[in-house]
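I opened this entry to record a few contacts and packing arrangements that I wanted to look up.

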Amino acid sequence: MKAGFWRSASIIAQRDLRVEIRSGEALSVVFPFAVVATWVVPLATDASPGLLRDLAAPVYWLIFLLFGMMIVFRQTASETADHRRVLALTGLDPAARFVGRSAASTLILFPISGMLVIPVIVLYDYRPPSGIWLMIPVIILGAIGMSMLGTLAADVTVGLRARTSLAPLLMAPLAAPLLMSASQALESLIAGGGIILWVLVLVIADLGLAAAGVMSARALEEIAL
Amino acid sequence: MVSPSGVGAPPRPNLIHSGQVSPTPRDQPPLPISPLVDLVDVSVSLGGVGVLSGCRLSLLPGESLGVAGPNGAGKSTLLATVATFIPPTAGTGNVLGTPLGTPQAPAVRALIGWSGHVPALYPDLTLGENLKMLARLCGHPAKEGQLALEKVGLGGAVNIRTERCSNGMKRRADLARLLIGEPRLLLLDEPDAGLDRDAASIISHLIRTTTRRGGGVLCVSHDAARLSGWADRVVEIREGRIG
């Protein structure tokens, strides 16, 4: 008798979170690196405060994409082919593995993304519009989408020699709907408009990625083994 | 001793090589026993390169079979094929009553125990966390993972992070995995590599307990003499061909 779907997904997520807590790489390596990256634009361009403020949101989402990919791929790289074989022999549903891995990546990516707002506000003299807290669900939905996309891209490229370069190449264009929706939500908020439409787009994109991940999990698993 | 034909005399008293049980004292007709593993002319290619070619192999319940061969002979691929990880490119195969290379094949994985060259443990987790996680995924209480570690003499190392363990400890912990859930079919790839003599007795114990409860064991190694100590019969594999 094997564990049920959600229990299996939860066990996999716990494993990934435990591995991340032990290594602490997302917080101690990736986050400081991301902060340095936010600092590069004001340092290199010597831009006026007004221009910097305009650049704040695009730079944030760009860094969210690049460092989000880094976090998600680091997570997925911790699993070797032998690990996957052992997991397969427990009767683990590959779809539960996908859900568990994506959930763990989201739980790592979301607080890092949230913390990244602080250096952007400080370094870009950014004045968040009123109701900025409405961006929290946008960042959560963006983190969920990035995590699922990264897990999917890592599974598609598993075993390929050019995996480390191919996976981001695959992921970056597919992340466009997520990033566009998220940045448009912020623009709309600044302009005093609503963000419901963009949140809906994000939800639809996340649901599409979830369906793709769950439905392709078995086939990708068989290729990986 | 290697039997090139692959049909060496099995020492187990209740089984004969034809796949049937010995006649009972009442002379009833022999009952057919389905083999746990039955490969007929199975070939496997990886990346266009033939690794296994026309392999025939049968493993009965209660039997342990050794497959000996040099490096690159196809031993690990043979195990991966039986474990349903690699579908055959030609021939037919059945594992635990399920045809290989079909959508149903993954369903038998939960009944298979496999130990590869390298211990498949997560270095950032403790030995206990590794084994408890696998026990929970198998649907058993986490405690079974700890018990399995105790059985292989690692009861005191439950909280040690795997990356800090010696290779021997990792190998032992990897074998402890196979004690969870009593798999019906054990697949062992060079199982004694990196183990001392005491630890190697764990392998004998695993094989004995599995065969006694009617399971089967397929063990591959480059060392035929070592295999003959564990297996009822030993066959040879060379350049992807058995026998």
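I began with B:L79 and, leaving out residues up to four places away in sequence, I found that B:L79 touches B:W114, B:L187, B:D189, B:L218 and B:V220. The model is a predicted one, and I read the contacts with that in mind. B:L79 is also among the residues with the most contacts inside the largest nonpolar core, which has 134 residues, and B:L187 and B:L218 are listed there too.

I then looked up the sheet in chain B, which is open and has six strands in the order β6-β7-β8-β3-β9-β10, with mixed pairing. I noted that β6 (112–115) and β10 (241–242) stand at the edges with a single partner strand each, so one side of each has no neighbour in the sheet. Helix α1 (residues 75–82) of chain B packs on this sheet, touching β3, β6, β7, β8 and β9, and its direction makes about 155° with that of β8(B). Strands β9 and β10 of chain B pair in the antiparallel sense over two bridges, and I found B:I237 opposite B:I242 in β10(B).

Next I took the helix pair α4 (residues 167–177) and α5 (residues 197–212) of chain B, whose axes are 10 Å apart at an angle of about 10°; the two are therefore roughly parallel to each other. The contact is made by B:G168, B:R171, B:R172 and B:L175 from α4(B) with B:A199, B:I202, B:I203 and B:L206 from α5(B), and these residues divide into five nonpolar, one polar and two charged.

Last, I checked A:L197, which lies in helix α9 (residues 196–224) of chain A and counts as partly exposed because it has 13 C-beta neighbours inside 10 Å.

Conventions
Residues numbered from 1 in each chain as written. Chains lettered and ligands numbered in written order. Predicted model: local features only at pLDDT ≥ 70, side-chain atom pairs only at ≥ 80, totals over all residues. Helix = DSSP H or I, 4+ residues; strand = E, 2+ residues; numbered from the N terminus. Buried ≥ 20, exposed ≤ 12 C-beta atoms within 10 Å, placed from the backbone. Axes fitted to C-alpha atoms, helices over the stretch in contact; angles between N-to-C directions. Parallel < 35°, antiparallel > 145°, perpendicular 65-115°, else oblique. Contact = placed C-beta atoms within 7 Å. Nonpolar A, V, L, I, M, F, W, Y, C, P; charged D, E, K, R; others polar. Core = buried A, V, L, I, M, F, W, Y, C linked by C-beta atoms within 7 Å. Pairing = 2+ DSSP bridges.
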